[in-house]
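Here is a friendly briefing on one model, covering its backbone, its pocket and its cores. Have a look at the structure first, then read on.

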Amino acid sequence: MSNVEVLAPRDVPLGGPRSMTVRRTLPQRTRTTIGAWCFADHYGPDDVGESGGMHVAPHPHTGLQTVSWLFSGEIEHRDSLGSHAFVRPGELNLMTGGHGISHSEVSTARTTVLHGVQLWVALPDAHRDAERDFQHHVPTPVHVGGAEIRVFLGTLAGTTSPVRTFTPLLGAELTLAPRATVTLALDPAFEHGLLVDRGDIRMAGAPLRPSELGHLPTGHDTLTLVNDSDDAARAVLLGGAPFEEEIVMWWNFIGRSHDDIVRAREEWERASDRFGTVDGYDGKRLPAPALPHATLTPRANPPRH
């Protein structure tokens with residue numbers, strides 16, 4: 001019997017009334033994090049002629065890193081560090097917003113189909129006020145059996161990403177040939193998640209459908225993946241050492257208490273220097289939503305057995 005937990009996605013509108021819809025698998029009630037990965041949105045393939053594409057006005061972040069990874073399309077990124085970059089397929093853009101950063105994300109006029117994932121990494125308490133940072137990396141594909149692998153964070157299949165993280169992490173795009181079976185060596189100290197983009201994939205024996213996220217606990221030094229379809233299948237493999245800290249997530253902020261969130265929201269609303277300004281964006285920034293009437297409480301994963 002497989003010990004893979006299958007996490008189903010839920011549809012979430014992104015960025016306002018004329019928004020694109022994303023499929024979110026992290027966080028949810030039964031699982032807050034996989035390693036330090038704390039947020040996973042999967043979107044597309046979206047015909048931007050119909051959907052309008054992605055247009056997210058300047059908005060803030062605290063206590064996290066954002067990881068943008070595309071399968072198709074192009075997104076223009078601007079942030080308050082002064083970074084101006086383009087997110088393209090097979091290229092990693094990682095932004096650190098510890099103490100505070102703001103950024104905008106807009107699909108470009110060259111984009112006809114937008115398709116990818118947006119991921120967040122929670123920063124550990126010792127580094128949650130880290131300075132703003134932005135890193136770009138284009139991983140070289142490697143081949144293992146019937147799989148093509150692009151490792152954008154951490155180490156897998158004998159290749160290591162140079163991108164800096166604050167906790168041990170793994171992030172990789174896997175493309176499996178039709179009917180392929182591949183076995184990968186894993187770090188047994190990591191837990192892992194497999195987010196399926198297309199195709200039907202078995203993860204350690206557990207069937208996963210597109211947009212589902214399979215979670216494999218620690219203690220496994222190999223992982224066998226099987227593509228059960230007659231076409232190429234694609235997924236994103238995430239991993240990391242279990243993140244033992246409780247976090248409070250609300251809107252675009254990660255803190256450790258209700259008061260952390262209240263303070264961050266207040267500073268964003270009064271345009272404090274904490275988040276800086278995004279130069280070159282033509283339009284207004286996003287206002288913060290109203291806080292709930294209840295006290296925000298920390299989230300943690302269920303106890304490990």
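Arginine 179 sits in the loop between β17 (169-176) and β18 (181-185), where strands are DSSP E runs of at least two residues, numbered from the N terminus. Its phi is near 60°, a positive value in a residue other than glycine. This is a predicted model, in which local features need pLDDT of at least 70, side-chain atom pairs count only at pLDDT 80 or more, and totals for chains, interfaces and linings use all residues. Residues are numbered from 1 along each chain as its sequence is written, and side-chain values use heavy atoms, with hydrogens and water left out.

**Backbone**

- Most residues other than glycine have a negative phi, and most peptide bonds are trans.
- Tryptophan 251, also not a glycine, has a positive phi of about 50° and lies in the loop between β25 and β26 (253-255).
- With 25% relative accessibility, tryptophan 251 counts as partly exposed (between buried, under 20%, and exposed, over 50%, with a 1.4 Å probe and protein chains only).
- Leucine 26 and proline 27 are joined by a cis peptide bond with omega near -5°; proline 27 belongs to the loop between β3 and β4.
- The bond between glycine 44 and proline 45 is cis too, with omega about 0°, and proline 45 is part of strand β4.

**Largest pocket**

- A pocket here is an open set of points on a 1 Å grid over the protein atoms alone, where a 1.4 Å probe fits, with protein on both sides within 12 Å along at least five of seven lines; lining residues have an atom within 4 Å of a point.
- The largest pocket has a volume of about 640 Å³, taken as the space filled by probe spheres set on the points, which are joined across faces, edges and corners.
- Its lining has 27 residues, and Arg24, Phe39, Trp120, Trp251 and Asn252 lie nearest the centre.
- β2 gives the largest share of that lining, four residues.

**Nonpolar cores**

- A nonpolar core is a set of buried Ala, Val, Leu, Ile, Met, Phe, Trp, Tyr and Cys residues joined through side-chain atoms within 4.5 Å.
- The largest core has 31 residues, of which Trp37, Cys38, Val67, Leu92, Phe152 and Leu153 touch the most other members.
- β11 gives the most to this core, with five residues.
- A second, separate core of 26 residues includes Ile149, Val151, Leu176 and Leu194.
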